[in-house]
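Subject: Structure for you to look at

Hello,

Please find the structure below. My notes on it follow.

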Amino acid sequence: VTGAALAIGAIFAVGLPLARAVDREARGTMLLGLAYLYGSGAVFAVLGTFALAGIRWATWTIAAALAVIAIGASRAAWRIAPRVARAPDASGAAHVPERPALARILDALTLLSGIAYALYATLAAPWEWDFWAIWGLKGRVFHEAGGVDWRYLASPWNEFAHPDYPLLLPLNYAFVGLIDGDWNDRWLGLWSVGYAGAALAVVRHLARREASPWIASAITLAITGFALSRHVGSAEAPLIAFGGCGLLFARVAAHGDATAARHAALCLGLGASVKNEGLALAVAVAIALAVVQRRLLVRLWPALAIAAPWLVLRAVHALPTDLAEGNVLARLGGHLGEAGSFAFAFAREMPRPWFWLTLALALAVTPRAAIAPERVVLLASGLQTCFVLGAFLMTPHDMHWHIATAWPRLADQLGLPLTFSVLLALARVLTPKAATWGTAVPGTAASAQPAIG
Amino acid sequence: VDGNADPSPSSKVPARRAAAGALFAALVCFGADPSLLRVFTTDRASLRQRFTELPDAPWGGTPAFLAGVRARTEAGSVIAVAMPGRVWDDRYAHAYYRAHYALAGREVVPLVDQSGRMQPANLARARYVVLWDTPPPPGARVAWRDGQGALVERP
């Protein structure tokens with residue numbers, strides 16, 4: 001466990017100053033959650049840059065580069081002036097001396113779920129196919145090569161490993177091997193735990209900004225089923241964390257929070273560096289913001305800057321994408337002709353059907369005024385669903401097989417932001433006064449509105 | 001965004017709040033997944049054993065065999081994978097993919113592709129052939145044997 005522990009320590013060491021540089025007001029579990037996300041992103045950036053420059057990875061050079069980033073971020077964090085505009089913190093946290101008993105019980109259940117997940121995810125080396133045939137495999141291959149092995153990715157015999165998938169997760173795994181001195185996958189499940197914990201921490205904080213303690217605690221408990229992904233070692237946990245948090249930050253940014261816009265851009269860019277669905281989500285969020293708050297679109301430029309290098313590299317190396325193989329239009333037409341059969345397959349493979357039915361019902365009956373602040377999340381989620389359905393229609397694989405193996409995971413990816421938004425909308429109906437969104441400075445009369453609940 | 005508007009017209013407030021409360025509670029219950037808590041009461045040692053064996057179970061091989069092959073082959077060497085029948089079925093595919101992970105750093109190639117076509121060029125390039133459940137051909141130089149598996153070194 002030593003190498004994994006040291007690697008996680010390094011991720012936090014570089015992530016903490018990065019998170020503070022982005023958001024000087026981040027504190028507590030929110031700071032820790034952001035630190036893990038950004039630290040993991042920094043590891044990806046450093047190993048990726050070295051590989052691109054043709055510099056073979058070595059422990060001390062990578063450590064030195066991470067130290068330079070940590071020092072630079074620390075200096076930047078001190079120089080950043082306090083924010084002047086932020087969405088109101090409606091939680092009224094300063095006026096609530098302690099959490100009510102219900103919030104404590106709900107938080108205890110969330111913590112218990114987290115501990116159970118940590119035990120589950122570290123029972124053995126990650127055992128899922130997607131780990132050892134895609135994410136862990138690439139991490140191990142790159143570890144052996146001391147950099148990104150383009151020959152391996154370009155080989156037609158290795159197409160099963162999805163050479164076109166971005167490299168954030170494999171490079172994080174290679175980082176553990178680098179610190180350990182040899183490949184050791186025994187504790188790589190901790191990465192899933194880290195991403196899941198980060199997602200819970202960010203959601204808890206964002207919910208608490210708008211709602212009373214018990215509602216924030218309930219929302220956090222409700223998303224455990226999505227954040228604590230059972231696909232240990234696969235890209236689901238980081239994708240849910242980066243994508244879900246990115247979308248929720250974009251939602252807050254749409255209500256006038258400049259810092260949230262930075263978080264949204266970084267999280268969406270890093271999500272796009274985890275898996276192709278993350279890239280699709282970044283596009284979906286950009287379109288949603290273009291509709292809801294067009295001036296924010298330009299502030300997403302860091303997401304493009306983070307995602308673009310891989311898009312260029314995979315084009316330069318002509319890494320194949322299975323969805324684009326062969327005659328796409330013919331497949332699309334053929335699959336559309338079997339629309340009824342596929343609709344049935346989607347329904348049959350729907351994970352947590354009661355949850356999604358309840359969510360749909362809640363969306364249908366919640367008054368428009370209560371659901372209106374959730375437009376960014378709902379619009380982006382709808383677009384992402386369309387992208388996913390499009391991918392199924394284009395698939396070169398047997399579509400029923402593809403739906404059965406991928407649809408439950410894809411649905412889970414949207415579960416986190418949708419649960420957050422719909423629960424907050426319901427909370428607005430439950431409480432006598434809804435939270436106020438605006439551009440007030442924390443501590444002003446506007447920000448001192450009573451919290452939901 | 002007009003968050004100030006009261007979303008609940010006064011005449012329907014109690015019913016609406018009750019419905020919202022019920023939906024809120026249901027979503028929290030359905031969202032949280034209590035099945036994870038079973039890990040506290042389950043036999044974790046046997047579950048660990050099951051998860052450890054899971055990746056190799058479909059092809060019937062063992063991690064120890066592939067680790068033995070790894071220890072006896074050089075980084076960068078080309079290794080072909082052979083199974084009975086030389087057909088691309090689930091078992092062969094699994095062994096081939098699994099060998100990629102265990103033998104990372106070597107170039108693992110198949111002797112038959114997904115369309116069932118033999119790949120003699122891969123055999124010609126291979127320095128080693130990993131055989132599972134398959135007897136080595138007469139005269140082959142067997143570098144190592146372990147149970148049902150053998151590692152053949154080609155000239």
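In which crossing, left-handed or right-handed, does H20(A) pass H1(B)? H20(A) passes H1(B) in a left-handed crossing; the term applies if the near helix is turned anticlockwise from the far one by less than a right angle.

This is a predicted model, in which local features need pLDDT of at least 70 and side-chain atom pairs count only at pLDDT 80 or more, while totals for chains, interfaces and linings use all residues. Residues are numbered from 1 along each chain as its sequence is written, chains are lettered from A in the order in which they are written, and side-chain values use heavy atoms, without hydrogens and water.

Residues of H20(A), including Leu423(A) and Leu430(A), meet residues of H1(B), among them Phe24(B) and Leu27(B).

As for the whole interface, 61 residues of chain A are in contact (heavy atoms within 4.5 Å) with 50 residues of chain B. The rule finds three salt bridges across the interface, each a side-chain nitrogen of Lys or Arg within 4 Å of a carboxyl oxygen of Asp or Glu. Arg151(A) forms a salt bridge with Glu107(B), with the closest N and O atoms 3.8 Å apart.

Regards

Definitions and conventions:
Helices (H or I, at least four residues) and strands (E, at least two) are DSSP runs, numbered from the N terminus.
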